[in-house]
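Dear colleague,

Please find below the structure that I am handing over to you. My notes on it follow, arranged by topic.

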Amino acid sequence: MTAEVKPFPTPNITQITDSHCLIDPGEYEVAYLLHRTSTRFKRPNMTIWFQVISPGAAFGLYLPRYYNLEWVRKNGAFKAMRHSDCTREFIAVTDEPVKRLDRIPLADRYKGRVILARVDTVTTDSKNQKLPELARYSVIKQLLRSCTG
């Protein structure tokens with residue numbers, strides 16, 4: 001008898017964006033879920049949510065990658081800066097040039113790819129004060145490359 005492989009249930013946005021977890025720092029394979037633009041700390045930014053697909057204890061957990069942007073609009077449109085992490089990592093993952101900084105096709109290019117990401121632990125808050133052990137959480141610090149074509 002063979003085991004049936006069942007896909008993850010599709011999570012709702014609240015399940016994803018409300019989940020902050022703590023995993024060991026290191027490199028993990030992740031899959032794109034969604035991205036959202038907003039203004040945090042009076043700066044335009046974007047959060048891209050990924051799901052860990054590497055085997056192990058972190059499998060299935062959601063991790064954010066935060067980027068600073070030049071501007072965002074209410075409809076979700078955004079413009080990245082030429083030498084920003086967002087632009088550099090898009091090129092590293094897709095191996096494509098960015099033609100227009102206000103039309104980076106994140107969802108089109110990231111969906112369906114296995115991406116290698118460097119994960120780290122957040123140990124200080126926005127005021128650079130140490131977080132207690134139980135308040136620490138993991139984030140993606142860098143998207144390194146695509147593991148799939």
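**The largest pocket**

The lining of the largest pocket comprises nine nonpolar, five polar and six charged residues. Here Ala, Val, Leu, Ile, Met, Phe, Trp, Tyr, Cys and Pro count as nonpolar, Asp, Glu, Lys and Arg as charged, and the others, Gly among them, as polar. The space in this largest pocket is about 580 Å³. Of its 20 lining residues, those closest to the centre are Arg-40, Phe-41, Tyr-66, Asn-68 and Lys-141. Two or more lining residues come from each of β2, β3 and β7.

A pocket is defined on a 1 Å grid over the protein atoms alone, as an open set of points where a 1.4 Å probe fits, with protein on both sides within 12 Å along at least five of seven lines; lining residues have an atom within 4 Å of a point. Grid points are joined across faces, edges and corners, and the volume is the space filled by probe spheres set on the points.

**Basis of the model**

The model is predicted: local features need pLDDT of at least 70 and side-chain atom pairs count only at pLDDT 80 or more, whereas totals for chains, interfaces and linings use all residues. Residues are numbered from 1 along each chain as its sequence is written, and side-chain values use heavy atoms, with hydrogens and water left out.

**Overall arrangement**

The protein has three helices and seven strands, which follow the pattern α-β-β-β-β-β-α-α-β-β along the sequence. Helices (H or I, at least four residues) and strands (E, at least two) are DSSP runs, numbered from the N terminus. Of the 149 residues, 38% are buried; buried means under 20% relative accessible area, exposed over 50%, and partly exposed in between (1.4 Å probe, protein chains only). Among contacts (heavy atoms within 4.5 Å) with a separation of 6 or more, 51% are between residues 24 or more positions apart.

Strand β1 (residues 26–40) runs antiparallel to β2, and 10 bridges join the two. Two strands are taken to pair if DSSP finds at least two bridges between them. β1 and β2 form a hairpin with two residues between them, and Phe-41 in the turn has a positive phi of about 55°. Phe-41 is also one of the residues closest to the centre of the largest pocket. Thr-39 has Pro-44 in β2 as its bridge partner.

β2 also pairs with β3 in the antiparallel sense, over seven bridges, and there Ile-48 stands opposite Arg-65 of β3. Nine of the 10 residues of β2 are buried, leaving the strand mostly covered.

Thr-37 belongs to β1. Leaving aside neighbours within four places in sequence, Thr-37 is in contact with Asn-45, Met-46, Leu-69, Val-72, Arg-73, Gly-76 and Phe-78. Between Thr-37 and Trp-71, 34 residues apart along the chain, the C-alpha separation is 9.4 Å.

Helix α2 spans residues 85–94, and its buried residues are Cys-86, Thr-87, Glu-89, Phe-90, Val-93 and Thr-94. These buried residues pack against β2 (43–52), β3 (62–68), α3 (106–110), β6 (115–122) and β7 (137–146). Asp-95 follows α2 and lies in the loop between α2 and α3. Its phi is near 60°, a positive value in a residue other than glycine. Asp-95 counts as exposed because its relative accessibility is 71%.

Thr-121 is found in strand β6 and is buried, with a relative accessible area of 19%. Apart from neighbours within four places in sequence, Thr-121 is in contact with Leu-22, Ile-23, Pro-25, Arg-136, Tyr-137 and Ser-138. Ile-140 is 19 residues from Thr-121 in sequence and 8.7 Å from it in space, C-alpha to C-alpha.

The loop between β6 and β7 contains Asn-128, a residue other than glycine with a positive phi near 65°. At 63% relative accessibility, Asn-128 counts as exposed.

**Cysteines**

How many disulfides are there? With a disulfide taken as a pair of cysteine sulfur atoms within 2.5 Å, the count is zero. Cys-86 is buried at 1% relative accessible area, whereas Cys-147 is partly exposed at 32%.

With kind regards
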